[in-house]
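Biologist: I would like to go through the labels on this structure and hear what each one rests on. Please set the values against their cut-offs.

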Amino acid sequence: LFAGSADFIAAAPSIGVLPPMDGVEIAFAGRSNVGKSSLVNALTGRNTLARTSHTPGRTQQLNFFKIGERLTLVDMPGYGYAAVEKAKVAAWTDLIHAYLKGRANLARVFMLIDSRHGLKEIDTDVLDGLDKAAVSYQIVLTKGDALKKHEIDARIAGIQAAIARRPAAFPEILLTSSRDDRGVTELRACVARLLSE
Ligand code: GDP
């Protein structure tokens, strides 16, 4: 799936300029600095697809990548960076809500959560929005290399309890690290399964 072509197709700063719906779409969301660019690059086996940014909160666009024939990967702008002013947060929320509501071919949002920090209030707000929009999402823990085994187990148990009653949450939580590549194969398998559904 990820061995073939991967091409940048569009950057959408507003809802009016989204590329046409085509094939199966999956999206990656998370707080700024969660490790999203690194994970997208590990997933696709490319170092340049999603730009890792050292100035969090800068990218406020939806970036669309075509993977092979039928898959589109969407890199959503990171949220929750404190220095971003209120107007930008509102713009982010509007763009994301409009995208999520209108995207019939969006199969799943992978919600990235830093395994060291767990669910923050802002993540919970985003999950509320996904539940409301009835967009299927799956929790993906990042930076799993930074925790010990018992810390990982506790983190997963805590999040499992937190999402148990959320209607749009997919129950399986993935633990990943782009440092040591753990969970990347499993994440690829999840994506492949969505394509074959
Ligand atoms: P983004 O802002 O969500 O796109 O995050 P980046 O991919 O740019 O990564 C943010 C920071 O987290 C960088 O300093 C990365 O080196 C670090 N990081 C990313 N992935 C991992 C990981 O798997 N493990 C650890 N320990 N750090 C990571």
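Biologist: Which residues of α3 are called buried?

Modeller: In α3 the buried residues are D123, V126, L127 and L130. Their arc around the axis is only 100°, which places them on the same side of α3. Buried means that 20 or more other C-beta atoms lie within 10 Å of a residue's own; exposed means 12 or fewer, partly exposed is in between, and C-beta atoms are placed from the backbone. The arc is taken over the directions from the helix axis to the C-beta atoms. This is a predicted model, in which local features need pLDDT of at least 70 and side-chain atom pairs count only at pLDDT 80 or more, while totals for chains, interfaces and linings use all residues. Residues are numbered from 1 along each chain as its sequence is written.

Biologist: What lies on the other side of α3, and what do its buried residues pack against?

Modeller: E121, D125 and D128 are exposed on that other side. The buried residues of α3 pack against β2, α2, β5 and β6, where contact means C-beta atoms, placed from the backbone, within 7 Å. The element names come from DSSP runs, numbered from the N terminus: helices are H or I with at least four residues, strands are E with at least two.

Biologist: What makes K101 partly exposed?

Modeller: K101, in helix α2, has 15 C-beta neighbours inside 10 Å, which falls between the two cut-offs, so partly exposed is the label.

Biologist: What makes F65 partly exposed?

Modeller: F65 lies in strand β3 and has 19 C-beta neighbours inside 10 Å, which does not reach the cut-off for buried, so F65 counts as partly exposed.

Biologist: Which sheet do the strands form?

Modeller: Seven strands form an open sheet in the order β1-β3-β4-β2-β5-β6-β7, with mixed pairing. β1 (6-12) and β7 (169-175) are at the edges, each with a single partner strand, so one side of each has no neighbour in the sheet. Two strands pair if DSSP finds at least two bridges between them.

Biologist: How do you know that β1 and β3 pair?

Modeller: β1 and strand β3 (residues 62-67) are joined by six bridges in the antiparallel sense, which meets the criterion of at least two. A10 stands opposite F64 in β3.

Biologist: Which strands does β5 pair with?

Modeller: Six bridges join strand β2 (residues 24-30) to β5, and the two run parallel; I26 stands opposite R108 in β5. β5 also pairs with strand β6 (residues 137-142), in the parallel sense over six bridges, and I113 stands opposite L141 in β6.

Biologist: Why is the crossover from β5 to β6 called right-handed?

Modeller: The chain passes from β5 through helix α3 (residues 121-133) to β6 in a right-handed β-α-β crossover. The term applies if, with the strands pointing away from the viewer, the path from the first strand over the helix to the second runs clockwise.

Biologist: What makes β5 mostly covered?

Modeller: Eight of the nine residues of strand β5 (residues 106-114) are buried.

Biologist: Is A134 buried or exposed?

Modeller: A134 is exposed, since 10 other C-beta atoms within 10 Å falls inside the limit for that label. A134 lies in the loop between α3 and β6 and has a positive phi of about 55° although it is not a glycine.

Biologist: What is the phi of N33?

Modeller: Phi of N33 is near 75°, again positive in a residue other than glycine. N33 is in the loop between β2 and α1 (36-44), and with 17 other C-beta atoms within 10 Å it is partly exposed.

How values were computed: Two residues are in contact if their C-beta atoms, placed from the backbone, lie within 7 Å.
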